[in-house]
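This report walks through selected helices, contacts and loop residues of the structure shown below. Please keep the structure open while reading, as the text moves from one region to another.

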Amino acid sequence: MWPAETRLLVGLTALWSLVGLLVLTSASWWVADREMGDAAYYLKRQLLWLLASWALFWLAIRTSLRRWLHFGALGLLVGVVLVAATLVIGSTVNGASRWLVLGPVQIQPTELVKPFVVLQGAVLFSHWRRIGLDQKLLWLAIFAGLILLILKQPNLSTAALTGLLLWLMALAAGLPLPLLLGAAGAGGLLGTASIAINTYQRLRVTSFLDPWKDAQGNGYQLVQSLLAIGSGGPFGQGFGLSTQKLQYLPIQTTDFIFAVYAEEFGFVGCLMFLLFLAAFAFVGLRVALACRSNQHRLVAIGCTALLVGQSILNIAVASGAIPTTGLPLPMVSYGGNSLLMSLFVAGLLIRCGLESSGLETARPRRRRPPAAPIG
């Protein structure tokens, strides 16, 4: 009874997470064996997170989108508080405070807040012409505060992704062009200021322009990534046969996992993955066009842009198209926070498809909640 787009999205999501698990297995076994004494260490932990993420995925599908939209404001505010907490009591890794450690669990608020940025952004922009200036300024200030807090960690890549995501949703909602151009200009100035202030970001930009100039220093990550991609050739070295992952390529299980994939599956494999992303984006936009309300349409656009856009940015970093940043590859990179976010967002997208066709998978309620408020 499900429409073709939603069934296809479920299949694509399942394939994406399965292939991601296989790629992570290949990318992680060497470093896991060397550092943890167990070649399957990362695989076991990722499997547990995958089970939890698929449970959240089905919960997102079975819950009314109207209810998720009601949680958008609260989720966003909690996310802002948690991101602020990382600056005070967060765990610092590689010079950035992005984690909150709660016993055996590490929380990365910048990943977990992304779905609520989409939800509250859809609520705000769909009501843009019907709400007062005070509410517009309030929520724009909250979004700006979130981006500034992420920059303070510092985490330029996630801040840029958040700003770009909101900008695309505002564009889809039909906000005035002068406002969009002003926001784009302000975002560009803010990014430039962050690069000027933070030395390591400035070095990443300069090393990106010529990584071979300092191949053993600031350009090391990109040089090793390019060597891995170039070593793949047309058809790759074969699954599990990457050599760059043998402690040459840094961060091979998260930020640069695509380089391992490219070395093992070659140009053809990379092309297939890009076509897969194009197919996912096409189906996601088909779902958005079929939505009956502006709120649902913006949620579908935001979810599609988040998953596909973050994937493209990760690939661009690994291939040297943009400066090195710290964005994981959705459903492929190691990490429970990223996996939870990715599958939750995919579930929201599928829920949009179900409701656009008039199908409800959740049990009917006696009392239907009112339309989602602004805050």
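## Terms and basis

Contact here means heavy atoms within 4.5 Å. This is a predicted model, in which local features need pLDDT of at least 70 and side-chain atom pairs count only at pLDDT 80 or more, while totals for chains, interfaces and linings use all residues. Residues are numbered from 1 along each chain as its sequence is written, and side-chain values use heavy atoms, with hydrogens and water left out.

Lys-114 lies in helix H5, where helices (H or I, at least four residues) and strands (E, at least two) are DSSP runs numbered from the N terminus. At 3% relative accessibility Lys-114 counts as buried, a class that means under 20% relative accessible area, with exposed meaning over 50% and partly exposed lying in between (1.4 Å probe, protein chains only). Not counting residues up to four places away in sequence, Lys-114 touches Thr-158, Leu-161, Leu-306, Gln-310, Leu-327 and Met-341. The C-alpha atoms of Lys-114 and Gly-302 are separated by 9.9 Å, although these residues are 188 residues apart along the chain.

H5 and H7 pack at an angle of about 30°, with their axes 10 Å apart; axes are lines fitted to C-alpha atoms, for helices over the stretch in contact, and angles run from 0 to 180 degrees between N-to-C directions. H5 and H7 are therefore roughly parallel to each other, given that angles under 35 degrees count as roughly parallel, over 145 as roughly antiparallel, 65 to 115 as roughly perpendicular and the rest as oblique. The crossing of H5 and H7 is right-handed, where right-handed means that the near helix is turned clockwise from the far one by less than a right angle, and left-handed that it is turned anticlockwise. On the H5 side, Lys-114, Val-117, Val-118, Gly-121, Ala-122 and Phe-125 meet residues of H7 that include Thr-158, Leu-161, Leu-165 and Met-169. The residues of this contact of H5 with H7 divide into ten nonpolar, three polar and one charged (Ala, Val, Leu, Ile, Met, Phe, Trp, Tyr, Cys and Pro count as nonpolar, Asp, Glu, Lys and Arg as charged, and the others, Gly among them, as polar).

Helix H6 (residues 133-152) has 20 residues and reaches 28 Å from its first C-alpha to its last, close to the 28 Å expected at 1.5 Å a residue, the expected span being 1.5 Å times one less than the number of residues. Buried residues in H6 include Lys-136, Trp-139, Phe-143 and Leu-146, and what covers the buried residues of H6 includes helices H3, H4, H5, H7 and H8. Pro-154 lies in the loop between H6 and H7, and a cis peptide bond, with omega of about 0°, joins Gln-153 and Pro-154.

## Helix H10 and its partner H11

Helix H10 (residues 220-231) and helix H11 (residues 257-290) pack at an angle of about 25°, with their axes 6 Å apart, and H10 and H11 are therefore roughly parallel to each other. The crossing of H10 and H11 is left-handed. Ser-225, Ala-228, Ile-229 and Ser-231 in H10 meet Ala-259, Ala-262 and Glu-263 in H11, and by class the contact of H10 with H11 has four nonpolar, two polar and one charged residues.

Within H10, the buried residues are Leu-222, Val-223, Gln-224, Ser-225 and Ala-228, and what covers them includes helix H9, H11 and helix H12. Just after H10, Gly-233 takes a positive phi of about 60°. In the loop between H10 and H11 lies Ile-251, which has a positive phi of about 50° although it is not a glycine, and which counts as partly exposed at 31% relative accessibility.

Gln-46 lies in helix H2 (residues 41-62) and is buried, with a relative accessible area of 3%. Leaving aside neighbours within four places in sequence, Gln-46 is in contact with Leu-21, Leu-24, Ser-333, Tyr-334, Gly-335 and Leu-339.

Met-331 is placed in the loop between H12 and helix H13 (336-356). Although Met-331 is not a glycine, it has a positive phi of about 65°, and at 3% relative accessibility Met-331 counts as buried.
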